[in-house]
Every structure is written in structure tokens, then in C-alpha cells.
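Take a look at the structure below. The text then leads through it part by part.

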Amino acid sequence: MVEKTKDVARHVRLYYWYLRANWLSLMAYPVPFITMNLAGVVYSLGSVATVWVLFTRIHAIGDWTFPQVLLIYGLSIFSRSLFHLFWVELMSVSWMVRTGHIDRLLVRPLNPLYQVVAGYLDDDDWGELLTALILIWTSLGMLGQRTVWNILWILVAGISGSLIFASMHIVGNAMAFFTIESSGFTSLAWTIDEFARYPADIYGKGVRTVITWVIPVAFASFYPAQLVFGNGALMRMALATPVIALMIFACAYWFWTKAMDCYQGVGN
Amino acid sequence: MKYLAYTRCEFLRGFRYRANYCATLGGALIMVVIQWSLWTAVYRNTGVIAGISLGSMISYTMMGRVVSGFLSEPVALPAGKRIWSGEIVHDLVKPADLHFQLLFQNLGNALFKLVSTGLPLLTVLWLTGVLKVPRLPVLAVFVVSMLMGYVTVFSTSFLSAVVTFHTKSRVGIDHVYTVVELLSGMYFPLDFFPGWLRTVADFLPFKSIHYVPLGIWSGIIAPGAVASSLRHQLIWTMLMVVASRILWSGAVRSLTIQGG
Amino acid sequence: MNSTLMSRRSPYAPRPDERDPVIVVEELTRHYRVRLDGERFVEKVSRFFKPRYRYVKALDGVSFTIRAGESVGYIGLNGAGKSTTIKILCGVLVPTSGIVTVLGVEPYRHRTRNARRIGLMMGQRTQLLWDLPVRESFDLLGRIYDLSRETYRANRDRLVEALDIGDLMDTPARMLSLGQKTRCDLALTFLHDPAVVFLDEPTIGLDILAREKIRDFLKAEKKRGVTIFLASHDLDDLEIVTDRVMLVHRGRILFDGSHEELRRVTGGSLGILEDTVRRFYREAELG
Ligand SMILES: Nc1ncnc2c1ncn2[C@@H]1O[C@H](COP(=O)(O)OP(=O)(O)OP(=O)(O)O)[C@@H](O)[C@H]1O
Ligand SMILES: [Mg+2]
């Protein structure tokens, strides 16, 4: 137990040094860094414009009012951007397996998944985070719910949500260990994320059960938002969010270790 | 034609990854479920939005899922100067034109997506009664329009890639692709746009990627307006191909004469 | 391990075969599954629905023991199974069957524990941080291996001196030549005082002078008591650095012994290892 704790502490401490190296690498090309981020802002404006145009036309989805829908949408983008910023290198697992770069990570005394994730910092997705914050702030205002507790809760929900998304993508990208080519699974994971964008009760009963209990993406936006709405019936579900997130993450991690055992390596 | 060999080769390559394919099909089905549920829920409170009924909307978005693979952003295009230089040298020593080679190679990939994902999806949607296949003349016009949509989506990325070669920048169209997606009508028909944005979108080439073919299929573009939409597509398609040629030969010349 | 190193330096050092075994491999096999592609159009499409596989026996019953402080060369034609062996010993690949222990543990079961005590260098695949000065790679790696500040400084300075890379420390890795990169990589491999080092074609693509520097360095490390496992196509590397060769062919060990023994077996008075090996191959192909 003491050993385990020490090991975790070591990984946490090292994260700073990885971040530092990543940051310095980004700064090695200052001009692309700036242009990429400017492009990132345009990219996010593109998604905001899409949401905005959509909501100038539709004022409710099912039984949910416009501000409620906006909060759910904003929360899903928030969780997703947190995931995106810190876990983006997961998407390279397939490439690492194909080129054999993963071998390098396996001969170091650190957790391989940690090394994959810590090895790179996203350079152009800060705009998505900004978009999410704007959407959440606006919707909270419309709902008259800009309280400290709500903001704290949204932070917890965002982190939990990012763990849920990360779990999805860990499983999707771990498929590369079996199949080498895993882009289909990666994009499947991206697609599953889309469930979180809209209120979960627009889906049929079967789908709703699946996205609540099997692939719990509904916990990345829909259920946590219920706490802000003060929706008595679903309040308990809302509070379960962090627990569900940790549980699904544990499952995904277990799958990752199993997949790694099947890894063959490439010839060189 | 020798370029069709590239198409065939790329088409067959898709068959190598079976598990990957199952995942892609699963993802496509999920998008259908999400979009169908969303629009059904949206229309629960109203009958018509921006002049579009639920039936036309479902037809537009569901068919949009069927052709989304075919009309998706080409991923295999080289970007960045160094890779381009390598590709161009490669091109110069081969008796094939790289521009057309990429166009046809990518067509193979797009066709694979259409046959392997689009057709099963279409069959399922047709059997469940979600999608109705329009009359033959409409269908024929739709196919022509969709092919022009393909050339547009390819040319957009190709032009962007060649421009990055000339400007030595790393930012390409794929970094701001959400804007293209919005303007192309991938998420919803352009009829949703406010007036000024509609004017902008009507002028730009991107609407020929999704809006025109899907609008024809779903009847959102009124029969009277089909001819002018097709004209818009044709003019832009030709313009983009010509522009690609000019910039492309410029890139080749700059590389051979000035060494890049 | 330490006691072994200490005793090696004493005047009463035990003979090589009495030292502790560091690597023990028994009846090791490793198969790869390769998917067969159809040749004709129809075949390609039908195999999509019903794939066929073929199994490649990359290793087919390999056994050997390597003792502390030994320096062993591993040679074989392309595709003989060298890299596969090294990957298994590093814990990257799981064996299909057989027993493997490195420093008393099975590498693939205790990958992290194994990783702390071994070093791996793969030629032409750098572990330098691409856009950053070489110094940053040293710093990060020192922290990854949990070295104390003193150990880290001492090791780094020794390696920088030995490989003559002091001038490169502040250059971004992407600006280094292949030879310079290789030397930096080699230093990084030895940074955490590994007891065993695996080198997979470290001199690939280097010129004569660069090779010489690397050989001298490896010879010096060998003297310090590091166990070296060197896979290479460059027989001069082996002749100079190692005192034992293992020859692997189609996943089996054909020969295991000293350079002199190898020459004796092939019956030549041939002085050059290369000719000897070539003869051996010819016989193996015929038999
Ligand atoms: N990931 C893999 N999938 C399928 N077959 C593989 C894989 N890796 C290696 N092989 C096969 O296993 C055999 C041994 O490969 P290995 O890489 O160990 O050879 P090697 O001795 O290192 O060769 P070289 O001198 O060319 O580096 C070869 O026949 C190779 O084709
Ligand atoms: Mg090899």
C-alpha cells in the first residue's frame, strides 16, 4: 500500500516535468503555436455558430427549455475539452503501435498509459474550453443559477465527465493493440461522445439505459445538469456522477492492461 | 484510364481491416439514432421550422448520414512543405499527375465508405420506413449532384494543402473545418441560417458538398430551384479544379526551379 | 548483483562460468500471427468476411544463459529473430512459450521492475526529445529513473565526457546528425546505471570514426562490469566489444561460444570473423 502510494506520488511529481518539456517543445515553434491557436479559436467559433444558428430556430428539445438545453450542451463540451486538452495523445496509440514507438514506453519504469498521456500537450484546443465556459456561463445566467455551489459542482462534473470520455477513448484506442489499425474504434468513441450533447430522454428507452448504465456518457452532461435544475426526481443520479466516472475509468483501465498483454510488436 | 487503378487499389485497401469496419458501421448507426431522436424531439412542439416539415428534415439528415462517409474530409492529403516536396519529387519521376492521382485515390476510399457503410445504412433506413427513395429522375440528379459535391470537398482540401505549400504555413482548412461543415449544410439545411449568413453561404462553394445533393433528395430545394443549384455547383466545381491546377503547377515549378 | 560486481574487481575474481546468471532463457518460442491478403479482387473481398492467418515462428526453441559482466554478440540474417529476442528480454513482448528470466524476474510479468535495471537502445529510433536541447532529455530521464541529484550529475558528466557530447548538450535534437544523435542516445541508455544493456544495431548507418568511438565506449562500460547484449550486423563491433557470440538462424541458435571456437567449428584458419560466419551460414543453409 505504502509502495503504491509512493508510486502514484512519483507519477504526479513527474507530470510537472513532462508538462514542462511539452510546453518548451511547443514554444520551440512560436509562430505555428500562435497561428494554430488562432485557427483553434475560429474552429470553436464554427461550433458556437452552429449551436447558435440551431437555437435561433428551435427553442426547446422535447420537454427541455432553451437555457436547459444550452447548459447540457455546454457541459458536454466542457467535459470533452478537458478530456481533449490532457488526453489527446491517446489518439496516437495506433500510430505508436504501427511504428513500434510504443516499445520505448514499455521499457521505462513508468505506467505506459501515463507516459502516452503525459507525452504531449495539445496545442490548439484551448478555444474549445473557452466555448464551453461561455455556453455554461450564459445558460447559468438565463437560469438565474450563477451560484458558487453550482460553479463548483460544474467543475466536479466537468472533471468526472472528462474521465468518462477518457474511458471511452482508452478502450477505443486500446483496440490498436489487437487490430493495429484502430481509427474506426477511435471515431466510434468520438461518436459515442455525441450522445452527451442533448438531453438523454430524447432517446428511446433501450438507448437511454445503455448510455446510463453501460456506456455512461449521460453522466457527462445530462445527469449532473439536473442538480443545477433542481430536478428532484433525478437529483440522486446527479450526485452519483463522480462515483460512476471513477468506476468506468477503472473498467477502462483494466481493459487497457489486458489489451497491452496482447500486443505483438512490429518487426524492425 | 490509368487513374482508375488508383481508385480500385484504394477501394480494396478498405477491405483489410475488418474489426475497424465493424466499429465504423457501429458509429454510423449511432449517429443515425442520435440525429433521428434529436429531430423528432425538436419537432414534438412545432409542425414546421424554417419552412421545413419533420418528414423532409428526417429525409435530409438521414440521407446525410448515408453519404457522410463519401463526402467527408479527405484525410490522406499531404500537408506541410516538407511532405509536399517529397511527394512532388515522387510525382515528377512517375508518369502520373499527382493532383489527379490523389483525386482518384481518394475517390476509391470514398467509394469504399459509400459501399461498406452508406449502402447498409440506406438499406436499414429504407426497410424500417425511415427513408423513402425518390423517383428515378430525382435520384439521377441527386447522384450527379453528389459527385460534384465530392469534387468540391476534395478540391477544398487539395487547394488548402497547396496553399500551405506556397505560404509555408502549417494551418490548413482542416484546422477550421467546423466552419466548412456549418456552411456546407452538414448539420442542418441552410434554410435555418439567418438572412445575411444565408447570403454568404449561397455565394460560397461549400453548400454544394451537402446542402445541394441532400436538398434535392429530400425536396427541401424546390423542383424549380434545382436547375440553378446545379448550375452553382457546376460553376464552382470547375473553378476549383482550375484553381487547383494553376496553384499545383506553380508548386511544381517553384520546386523544380528554386528547389522549393 | 552488487556483491558480484565487487568480487569481480578483487584479484580473486571468479571465473566467468561461476558468476551469477543474469539472463536465463530456456526453450523460448515466439510466434507472430500474420493475416493473409487475397491476391485477386474476389479473394480480397471474401477474406474480409473470413480472414485467414499464417503463423511465423520468429523464435523456435532458443536457450542460453548469460552471466554477470559478460558481453555477448547476437548475430543473424535479417529476420532471424534478433529484435524479437531483445523485445522479449525487455518485457515488451510476451513469449509464446518457454522460460525467460532477467536478473531473477520474468520481464513481461514485472515489466517496471525489470525496466529499472536494464537499458535498451534501438538503432535509428531515438529517445531524445525532438525539439528540445539534449540536456532536457537527460534531465527528464534522470527524473523518470528516480536518480538522486548526485548520482544523476555524476553519471551524466561521466557519460558526456566518455562519449564526447559536451558540445551538443544545448543543441535541439532535431539539428543533430545521425552519429551525434546515436552518441546521445547511447549516453541516455546508460544514464541510470543499468546492470544489463541491450543494444539493437547501435552502429547502423554510422561512419567508421563514429563506430570506433562507440566501440571504445562500450568496451569501457564492459570493464565497469555492465552486462552487454549486442545485436549487430557489423562483425567488427562484435569482435571488439564482445567475448562471446551467439548465432541465430531462423529462430534457432546455431552456435554459441567464443570467437575462437566459432572459427574452429567452421574449420578455418580464417582470421576474419566475417568469413567464418559466412561459411557457417552456407553450411547451415545446405544442411
Ligand atoms: N509484428 C510482427 N508481425 C508479424 N511478423 C513479425 C513481426 N515482427 C517480426 N516478425 C517476423 O518475425 C521474424 C523475426 O523478426 P525480427 O525482427 O526478430 O528479426 P531480426 O533478426 O531483428 O531482423 P533484422 O536483422 O532485419 O532486424 C521475421 O520473419 C519477421 O518477419
Ligand atoms: Mg532487428
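Predicted model: local features only at pLDDT ≥ 70, side-chain atom pairs only at ≥ 80, totals over all residues.

Residues are numbered from 1 along each chain as its sequence is written, chains are lettered from A and ligands numbered from 1 in the order written, and side-chain values use heavy atoms, without hydrogens and water.

Ile159(A) lies in helix H8 of chain A, residues 148–174. Helices (H or I, at least four residues) and strands (E, at least two) are DSSP runs, numbered from the N terminus. Ile159(A) also belongs to a nonpolar surface patch with Val148(A), Trp149(A), Leu152(A) and Leu155(A). Together they have about 580 Å² of accessible area, from the Shrake-Rupley method with a 1.4 Å probe, where only the protein chains shown count as cover for residues. Such a patch takes residues with over 30% relative accessible area and no salt bridge; nonpolar side chains (Val, Leu, Ile, Met, Phe, Trp, Tyr) are joined within 5 Å, like charges within 9 Å. A salt bridge is a side-chain nitrogen of Lys or Arg within 4 Å of a carboxyl oxygen of Asp or Glu.

Now take chain A as a whole. Its secondary structure comes to 14 helices and two strands. The radius of gyration is 20 Å, close to the 18 Å that the globule rule gives for 268 residues, so chain A is as compact as a globular protein of that length. That radius is taken over C-alpha atoms, and the rule is 2.2 Å times the number of residues to the power 0.38. Of the 268 residues of chain A, 57% count as buried.

Chain C holds an open sheet of three strands, in the order E2-E1-E4, with antiparallel pairing. Strands E2 (52–67) and E4 (97–102) of chain C stand at the edges; each has a single partner strand, so one side of each lacks a neighbour in the sheet. Two strands pair if DSSP finds at least two bridges between them. Strand E1(C), residues 21–36, is joined to E2(C) by 13 bridges. Here Val34(C) stands opposite Arg54(C). Five bridges join E1(C) to E4(C), where Glu26(C) stands opposite Ile99(C).

Notes:
Buried < 20%, exposed > 50% of the residue type's maximum accessible area, 1.4 Å probe, protein only.
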